[in-house]
Amino acid sequence: MSVTAEDISQQDADKEFKELLTFFLAGEEYGVDILRVQEIKGWDSVTNIPNTPEYIRGVINIRGSIVPIIDMRLRFNLEKREYDATTVVIVLNVMSNGHADRTMGVVVDAVSDVYNIPINDVKPSPDFGTAVDTEFVTGLATIDEKMIIVLNIDHMLNAAELAVIDKIES
Amino acid sequence: MSIDLEQFHETFFEESFEGLDIMESGLLELEQGDVDLENINTIFRSAHSIKGGSGTFGFTAVAEFTHDMETLLDQMRNGERQVSASVVDTLLGCVDVLRNMLNAIKDGSEIDADSVADMTNALKGILGEEQSDSPASTEDASSTVAAKGWSVLFKPELDIMKTGNDTVRLLRELNSLAERVEVLVDNESLPPLVEIDPEECYQSWNINLIGGDVSEDDIREVFAWVDDECELKIEPLADAENYTGVERRDDDRRESPAPDRRAIDRRNKPAKATESSSIRVNISKVDELINMVGELVITQSMLSQFGEDEDFNETHIERLKDGLTQLESHTRELQESVMRIRMMPISFAFQRFPRLVHDLSSQFEKKIELIMTGESTELDKTVLEKIGDPLVHLVRNSLDHGIEAPDVRVKNGKSETGTIELSAYHQGGNIVIEIKDDGAGLNKSKILDKAKQNGLISQDERLTDDQIYDLIFRPGFSTADVVSDVSGRGVGMDVVRRNIRELGGMVEVKSTPGEGSVFTIRLPLTLAILDGQLVGIGEETYILPVISIIESLQVKPECINAVAGNAEVYRLREEYIPIVRLYQIFGIEPKSKVLNEGLLVVVEAEGKKIAIFVDDLLGQQQVVIKSLKTNFKKVEGLSGATILGDGTVALIIDIAELIDLYQKDMARAVVSIKGGGLAA
C-alpha cells in the first residue's frame, strides 16, 4: 500500500515532525536538528589557534572557508578520549538572529542514527541528570526506551563559545 | 506595458550622487574665480539629469527643488547673473540639501522638510532679487494664479515619441492639475492605417483646464521636457464657467484615474536600505578578463589532451611541464585582472576634500590652499571606502591644529596662506597616502604633559621624538585647548589608527616644530591577497606579511642581551631590538627553545621593530586572505588565515597586534615580578 500525499498532510495536521541526527558522547546520545547539519566528516588534523580555550581545537578548510572545530567532550567538561576510527566532525550551520551565519564543526565520539520524532514528544529537561549544562538543551526525547538529549546548537555555539572568547580578548 | 522602475533606483542614486559630486567640484572651481562657461554648463547638465531622473521616478520633491537650482544656473549660464560668492555658497548649500534628500529617499526615511524649505527660500530670494520683472521666473509665476482656467494647444512633432516622451503621460499629468479637464483630440493629420508609422505621433490636442489653482508655469512645467519638440500655446480661458463646447473624450480616464503606480509601489514595499553595492568597471578591464579566460581555456584543453592520451611517455612529461607553467602564468594574470576590477582611483576619496577645506577654512578663519597629487593612484574599492573617514579626520586635524591663524603665520615669517598637501603613490606592494601641512608642527612638550596627565606614560619616562609623536594615536588623547566640533574630543586619532589597522595598514606621523607635520598612511593594495613569508614553529606554520619584514638572520649569541632578567634584546647594527619568542606568546611547543638553533625575523610595524624567533623559514608565496571572523571571531595577533597548497589552514600574523601582545605580556611579567618581590 502506498502512502498518498493526502495521508501525509493528514499526518502533518496531527503532529509536526522533526528529524534529528543523533550522536554519542561519553555513552549518552544527543540529537541535533538534521536541517542544520551541513556534512559529517572524519577527524583530520586541524590548525591550532593560539590563545583560545582548549575545547576550540582549531580551524580546518572546508571547500575554501575557514571553519572552527569544537571538541564537545572538552566543551562539556567530560573526560578526554583519544580520537579513533569512529570519531567524526559534524559540520553545523549555526543561526543567529534568525539567519544562518556561521559554520562550525563539532567533534563527537560517533554518529548514531536519524530519527523522525513528533515535536511534541520533546519534553523539557529536568535540571539534572546529564553532563550537559541544561541551558544548551532544548529538551529530552524518548525513542525505543532510549533517552535522547536534544541540543540547542545556536545557543551552545553562539552565546557560550563566543562569550568565552570575548572574555579572553578583553 | 509596465516596467518596474524600482530596479533602476540604484543606478539613479548612484548617478545622482556622482552628479552632485560633479556639481560640487564645479562650484568650487567657480569660486576660485574660474568663470568658465563650460564649467557652468557641466554643473547645469548635472542638475538637469538629477531633475529629469527624479521626475521620472516620482521623487517630486527633489525634482522641484532641482528645478529652482536649475533656474538660477540657467541665468548664470546665459550671463544674466554674475557669479558671486554668495550665489556659489547658496548653490553649494543646495547640493548638500539635495544630497540629504536623496539619502533620505534611498534609506526610506523622512526628508528634512525644514532645510529644504530654507534652501528653497534662499534660492527664491536670490532669484527674486533682480529678476522680478522677468515673467518666466518662478517667483512671479507662483504668485500668478489662474483665475478660471487655461486653454492649451499641444501639437507635438511627429517624432516626439522617439525621444522617449509619452503624450499620454503628459495628458495624465495635466489631468492631475485641474479640477476639470477637457481634451479635444485633433487627428485630422492621421494617415490611413497602412501608412501609419507606429512610432510617430500624428495627433494634436486642445486641452481646457478648468478650476483648481493652476498657474501658467505649472502647465509649462508639464511640458518642460518636450517644449522644443512641440508647438505649445497656453492661453487663459475667457469664460471658464460656461465653457462646455468640447467633446469629453477624457471622461473614462478621469473617472478611473490611473493610479500612480510608483506611489503604490512605495506604499506597499517599505523602502529597504539595500546593502548591496555595485561597482562600475572600465570596459577595457572586462575585455582583458575575457581574453585571459580564453587563454586559460586553451591551456586547459591542451592539458586535458594528455589525460586522454593512451600511451603516456617521457616526451609528454616535458610538454606537460610547459603546459603547467603556462597554466600558472595564466592563472596569475587572471588573478591580477580580477583584482584590477576592484581597483578604483583614489580621487573618489580625495574629491570631497576641496569642499571640506573650503567650509572649514572659512569656519576657522584660516587661509588654506589644498594641493592634491596622485589622484589616479588605484586601490581596492573596499579599502577606498573605508579610508575616507580616517582621511577626513586627518585633514581636519591638520586644518584645525596644524595650520596656524593667518596673523600668527605672518608673525612667524610664513606666507599667510597655509598649504595642506594630499598625495598618494605606490611604493612596493603598498599604497602610501600622505597628508602634509606646513603648520606649526606637533608640540612635543604639550603632548608629553598631556600623556603624563592622562597616565599614558609615567612621570620620568624618557621617550624618543617618534615615540612622543606616536602618543597622539593612543586612546583618550587630545591636546586641543578648546574642544571644537571638528576635533579635540580625544576620540580621533586612536580611531584613525584602529580603522587603518583594520585595513591591514599603518599610520605614522613625522613632525618638525615650526615647519609642519606629515601623516603617512600605508595600505595594502588589496585586502584579498598578501605576499606571505611562511615560517615554521614546532608543528605549526604561520605566515608573516613580507611587507613588514626587514630582514631574517641567524643568531649570533654575543649579540643577545638580557634586560631585567626576562626581556631579551638583540643588538643589530647599533640598534637594540626586543626578541619575541612566538611560541611563548602563542603557547606552542617549538622544535627548539635555544635561540641559535632557530632564526630571527626582524619585522617592523608602526615604527616599532621586533625580532620574532622562529624555527624555520619555509618559503614565500602569495596567499589569499580569509577572514577568521566569518565563522569564528577575531583573534588577537592574527589578521586572518589562508589555505595552503596542500589544503591545510595557516594563520596570518598581524605584526602590529603581535607587538601589542608582546608588550602586554612583558607588562604582566613585570607586575608579577614586582608582586613576587613584595611578597618575599
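Tutor: A nonpolar core is a set of buried Ala, Val, Leu, Ile, Met, Phe, Trp, Tyr and Cys residues joined through C-beta atoms within 7 Å. The model to which this is applied is predicted.

Student: Which residues touch the most other members of the largest nonpolar core?

Tutor: Ala611(B) and Ile612(B) do, in a core of 107 residues. Helix H15 (residues 381-402) of chain B gives the most to this core, namely 7 residues. At least three residues come from each of domain 4 (345-524) and domain 5 (529-679) of chain B.

Student: What does Ala611(B) touch, not counting residues up to four places away in sequence?

Tutor: Its contacts include Tyr570(B), Ile577(B), Pro578(B), Leu600(B) and Val602(B).

Student: How many residues does each chain bring to the contact between chains A and B?

Tutor: Chain A brings 20 residues and chain B brings 20 residues. On the side of chain A, the largest share, 4 residues, comes from S5(A). That side divides into 10 nonpolar, 8 polar and 2 charged residues.

Student: What is the confidence in chain A?

Tutor: Its mean pLDDT is 78, and 76% of its residues reach 70 or more. Over residues 163-170 of chain A, pLDDT stays under 50.

Technical notes
Residues are numbered from 1 along each chain as its sequence is written. Chains are lettered from A and ligands numbered from 1 in the order in which they are written. This is a predicted model: local features need pLDDT of at least 70, side-chain atom pairs count only at pLDDT 80 or more; totals for chains, interfaces and linings use all residues. Two residues are in contact if their C-beta atoms, placed from the backbone, lie within 7 Å. Helices (H or I, at least four residues) and strands (E, at least two) are DSSP runs, numbered from the N terminus. Ala, Val, Leu, Ile, Met, Phe, Trp, Tyr, Cys and Pro count as nonpolar, Asp, Glu, Lys and Arg as charged, and the others, Gly among them, as polar. pLDDT is the predictor's confidence in each residue, from 0 to 100. A residue is buried if 20 or more other C-beta atoms lie within 10 Å of its own, exposed if 12 or fewer, and partly exposed in between; C-beta atoms are placed from the backbone. Domain bounds come from an automatic or database domain assignment.
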